[in-house]
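Student: Please take one chain of this complex and give me a close look at that part alone.

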Amino acid sequence: MSDSHIEHPTPQKYVQIAIVLGVLTAIEIALYYTEDIVGVFTDPLLIFLAVGKFIIVVGWFMHLRYENKTINRFFIGGMILALILFTIVMVERASANYF
Amino acid sequence: MSDSHAYPHEPTGVETRKLGMWVFLSTEILFFGTLITTFMIFKGSDFPGMKLTDVYDIPFTSISSFILLMSSLTMVLAHNALEVNDQEKTRVWLLATAMLGAVFLAGQIYEFTEFYHKGFELSTNIYSSSFYVLTGFHGLHVFIGVVLLLALWGIGQRQKGLTLEGGMNLEFVALYWHFVDIVWIVLFTVVYLI
Amino acid sequence: MTKIIEPKRQSSIFRRPSSETGIWSWITTVDHKKIGIMYGYAAFFFLLIGGLEALVLRIQLSQPDNNFLTAAEYNAMFTMHGTTMIFLAIMPISAAFFNYLLPLQIGARDVAFPRLNALSFWIFIFGGAFLYSTFIFGTAGAPEGGYLAEEVGWLGSAPNGGWFGYQPNAGMKYSPGTAMDYWAIGLQILGIASLISAFNFITTIINMRTEGMRFMRMPVFTWMTFAVSFLLAFSLPIIAIALFYVTFDRKFGTTFFLTEGGGDPILWQHLFWLFGHPEVYILILPAFGIVSEVLPTFSRKPLFGYAAIVFAGFGIAFIGFGVWAHHMFASAISPVAQAGFGLSTMVIAVPTGVKIFNWLGTIWGGKLKLNTPMLFSLGFIGMFLIGGLSGVTHSIVPADTQQTDTYYVVAHFHYVLFGGALFGIFSGLYYWFPKVWGKMYNESLGKIHFWLMMIGFNLTFGPMHWLGLQGQVRRTWVYAEETNLQFWNIVVTVGAFIIALSIIVFMINWIFSKRNGEKAPFDPWDARTIEWTIPSPTPVWNFSKAPIVKSLDDFWHTKYSEDEEGRAVKRAEADQILLDLEEEGLNPSEHIELPSPSYFPIVLASGLPFLGYAVIYKSIPLALIGSILLLIGGFGWGTEPLEEEAFEDSHE
């Protein structure tokens, strides 16, 4: 763990990352208001942006990039499991009403 | 953790408590996953009555979301300051984080009150129920985070200052805080924007 | 705070903040062994209560149109029987094994977070007490269109919506009163306990292994603990949220699962079984682990296909997440989902079959010693196989629709959870009895126990297959005389009482042997894993020196080598090695430090029932008491010096 601390970014870098996050948020809000123009692409784009922000915070602010692979596997595994399970539930609930 | 004796620990090289914290956060994914799934299922249904879009105040929520996002920056700066053992800066950034969190919470309370006055109560319909329980559960997490941050700040006032050793130290509070932040990143999109 | 045990444990022990013996030493202990023993006794206590509830049910069903119980009482009894057996008996008794054995099997001195371990035990105790306090404080009124309030009685004032609390039946309309609130919040509290212990065991296994204890050298029991902890960590959050919804529906007027407000009762089933099916494997995998330890020891052969068993265990754990909807074939789920979950249910039989073949391969050609643990393990294989096969029949959706809610299903899951999990657990209780108490149990009584239980078990649950296929319905307090179901029902009831008798034999054996049993050698079974390298009973400090593991079944290889034909030959120096181990184990040459006892886990845990009552009765004062207890516990915990810090201080 001690060696991983050495690689952590500098404060300047953190501020730059935060600016990126802020810009992404601004785009999200803009997308909300331009839904009529962007149309069907709005929701996928919004999800894409949220995932991007998520990865940035987890990877850099939470230092997951610099962590041991055990931790990475665990967190990412939990993430994937949750995604699969809940996708199935949502799809099943949505489709049950049509059959 | 030290191996003062021949008794071995941590064959993986990860600190035990950090590992425990990440395991905890991984299960938190499932907590919020269940809440979000329920919310999505109900959001997609067409039950008559007041809709979420009837009460939302997107500009307001955008600002409070931005505030919570920036609290992650101050948190990571506090962590960074402690890594180079700058106690003064650590305390300042900690307090800043706690304050930003408190502002976010105040915003949420204001938002809930507004919605309530518009007639959008907990038991109005499934939209309101799932909205309040989901965002309320997140709010509870923010509240606990603020308490932990203030506790750390209090400990930091002592002569010895803060360290990155020992129990619920700054690193773990930081991990928790960032996690609460990423949950809101998802919630902001899923609950409000989509 | 660190407690320091001098090699011969003299005066320094009196300087420690807490007592070594007596009730306070148990209340404040953070020793995984004491916690394990307490888990065991508490779970056994609840096992007895759950068993009594089952006997009451069986008395009611022994005659057609019987009126020993009212419908209300019957509902409460089967709900409490299921809930008790699953959450208060089998899960905690598995936790007892995890606690006691896990650190010993990986060569650790304690779990990763000893105080959290104590916390999860006390939360479990308070959760169980909270759930059972429904008999004192709870009420169950008359459901809409159901029985009358005066039929409820004392026995009926308990949760009565089934252990899976299907909605809207478990909602306020059909389960009025507070009893189901006790159920929902009680399970919530018990869930917290299991979740905390899951974190603890995962980190313990990953990080507390001794030198040379690579993953692929860990005993299978440890592996199964690992798998169970994963299942707990990822499935309990789902039920926790679902129970939140139930509580909100019942207490605060929301309609998550009630159609009149736009809610979705099927969503409850999804969320419940998303947890509930992994839960099945949470109950059975520990028994798999125990059996995989017992069979090689008493067959005097290595486990056949160690890696296959380990991976099959994880295969089961993983696929176990993907089969939940086979509990819902009779609910309105889409045909695609039915087909998909039918398939995945068939698939999960594969790793389970792999395990069965591995166990058979282990016994094959071995020199079997038919001691009681071995008998229970063999019984386990047979009974679990029957339960597993009747389980596969449920994957055929049309057949399942026919079997749903009949005694066929009851027979199936009792073969898995009683014939499987409980037989495995008894096997383990006998197997490790000498290690825990330093005494031998009485072998004849043990065998009587086994045969009585085997006969009683099959008399009880075997005929249920036929009763179910003949159409006897679950969760119904009477059946008509014309159905001709009486004969087998009487057999079932007789069987249930034979099981009760076998449990009495077990208790007599336990109490007698613990007091007056023969003194146990430290390796009575000529065993294979490192928990047998330390004295019996286990010293407080477990291992005097951190063991160094060089292979799978390390202890066996210390004692035995192979001749040219691959037969095990005892090493010449083996006896001397054992003597040395015992000497060192009893008189450690090194300075030993253990985490010190703490009051705060029990204080923290005691706050939770108050919060539970506060929600049920919407009482601010109770909420305040609960919060204050949590705060005191948390603050005390946080400010109490940590073992790790003191660890360094005291050393330097």
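Tutor: Of the 652 residues in chain C, 56% are buried, meaning that 20 or more other C-beta atoms, placed from the backbone, lie within 10 Å of the residue's own. This is a predicted model, where local features need pLDDT of at least 70 and side-chain atom pairs 80 or more, while totals for chains, interfaces and linings use all residues. Residues are numbered from 1 along each chain as its sequence is written, and chains are lettered from A in the order in which they are written.

Chain C has 20 helices and four strands, taken as DSSP runs (helices H or I, at least four residues; strands E, at least two) numbered from the N terminus. Its radius of gyration, over C-alpha atoms, is 25 Å, close to the 26 Å of the globule rule (2.2 Å times the number of residues to the power 0.38), so chain C is as compact as a globular protein of 652 residues. Along the principal axes, its C-alpha atoms fill a box of roughly 75 × 60 × 50 Å.

Now the contacts (C-beta atoms, placed from the backbone, within 7 Å). Among those in chain C between residues at least 6 apart in sequence, 81% join residues at least 24 apart.

Chain C also touches chain A: 13 residues come from chain C and ten from chain A. On the chain C side, α8 (265–299) and α10 (335–363) each supply at least two residues.

Confidence comes last. The pLDDT, the predictor's confidence in each residue from 0 to 100, averages 90 in chain C, and 95% of the residues score at least 70. Over residues 1–18 of chain C it is below 50. Where pLDDT is low, the predicted coordinates should not be read in detail.

Note on methods. Two residues are in contact if their C-beta atoms, placed from the backbone, lie within 7 Å. A residue is buried if 20 or more other C-beta atoms lie within 10 Å of its own, exposed if 12 or fewer, and partly exposed in between; C-beta atoms are placed from the backbone.
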